[in-house]
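Trainee: I have a new structure to read. Please take me through it feature by feature.
Mentor: Gladly. Here it is.

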Amino acid sequence: MKLLKSVCVYCGSSNGRNPVYIEAARQFGTALAVAGVNCVYGGGSIGLMGTVAHSTLEAGGHVTGIIPQFLEKREVMLREVTDLIVTDDMHERKRLMFEKSDAFVALPGGIGTLEEVVEMMTWAQLGQHRKPILLANIDSFWSPLLELMDHMRTEAFIRPETEVPYLVAERIEDILPMLETAVAAASGTVQDVSVAHL
């Protein structure tokens, strides 16, 4: 039975200045569709968000867009998604994105992307879920965050008993295999596989 059925994608509502980010979003959307994995994302049609969704749909995949009412115009809601959910606020949006996903991937993005993926890390650290969290470190985008996490460990704010579980992938093609392994490990299907930072 397929364990990885749905992946939540966090990413920017802008394209960023490096063209490699757009290409990575396009590749990941296509990869989700080819693998038959549902893409859960923030519901917008612009920036990397829009690229991931459009690429998934164009490759025949399934996309669930979840967007709060106040962002319908700002993020230019994508009505062509397979499932569209409009929420009352950000809290409901994030809760539904969590509930409908088996794993979480952060592509490059801004403060919203950072906040969303760190919240999932926090929940995992507190034992509220065992769903894998992956930073897609495209062109070293997340390296400053990884350095900060290492600094937190050095300063004993992240201790061995309160380790933050996350994965890091440098290439788009590595993301789904890593998540599949991690989901299987969390479910007890396989043994001796760590979901911690690699």
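Trainee: How many disulfides does a search of the whole structure find?
Mentor: A disulfide is a covalent bond between the sulfur atoms of two cysteines. The test here is a pair of cysteine sulfur atoms within 2.5 Å. The search of the whole structure finds zero. This is a predicted model, where local features need pLDDT of at least 70, side-chain atom pairs count only at pLDDT 80 or more, and totals for chains, interfaces and linings use all residues. Residues are numbered from 1 along each chain as its sequence is written, and side-chain values use heavy atoms, with hydrogens and water left out.

Trainee: Is Cys39 buried or exposed?
Mentor: Buried means under 20% relative accessible area, exposed over 50%, and partly exposed in between (1.4 Å probe, protein chains only). Cys39 has 0%, so it is buried. Cys11 is buried too, at 7%.

Trainee: How do I read a pair of packed helices?
Mentor: Two packed helices are described by the angle between their axes and the distance between the axes. Axes are lines fitted to C-alpha atoms, for helices over the stretch in contact, and angles run from 0 to 180 degrees between N-to-C directions. Helices are DSSP runs (H or I, at least four residues), numbered from the N terminus. Take α1 (residues 19-35) and α6 (residues 172-187): the angle is about 40 degrees, and the axes are 9 Å apart. That makes α1 oblique to α6. Angles under 35 degrees count as roughly parallel, over 145 as roughly antiparallel, 65 to 115 as roughly perpendicular, and the rest as oblique.

Trainee: Which residues make the contact of α1 and α6?
Mentor: Contact means heavy atoms within 4.5 Å. α1 brings Ala24, Gln27, Phe28, Ala31, Leu32 and Ala35, while α6 brings Ile172, Ile175 and Leu176. By class, eight are nonpolar, one is polar and none is charged. Ala, Val, Leu, Ile, Met, Phe, Trp, Tyr, Cys and Pro count as nonpolar, Asp, Glu, Lys and Arg as charged, and the others, Gly among them, as polar.

Trainee: At what angle do α3 and α4 pack?
Mentor: About 60 degrees, for α3 (residues 90-99) and α4 (residues 111-125), with axes 12 Å apart. α3 is therefore oblique to α4. Arg93, Lys94, Met97 and Phe98 in α3 meet Glu115, Glu116, Glu119, Met120 and Trp123 in α4. This contact has four nonpolar, no polar and five charged residues.

Technical notes: Helices (H or I, at least four residues) and strands (E, at least two) are DSSP runs, numbered from the N terminus.
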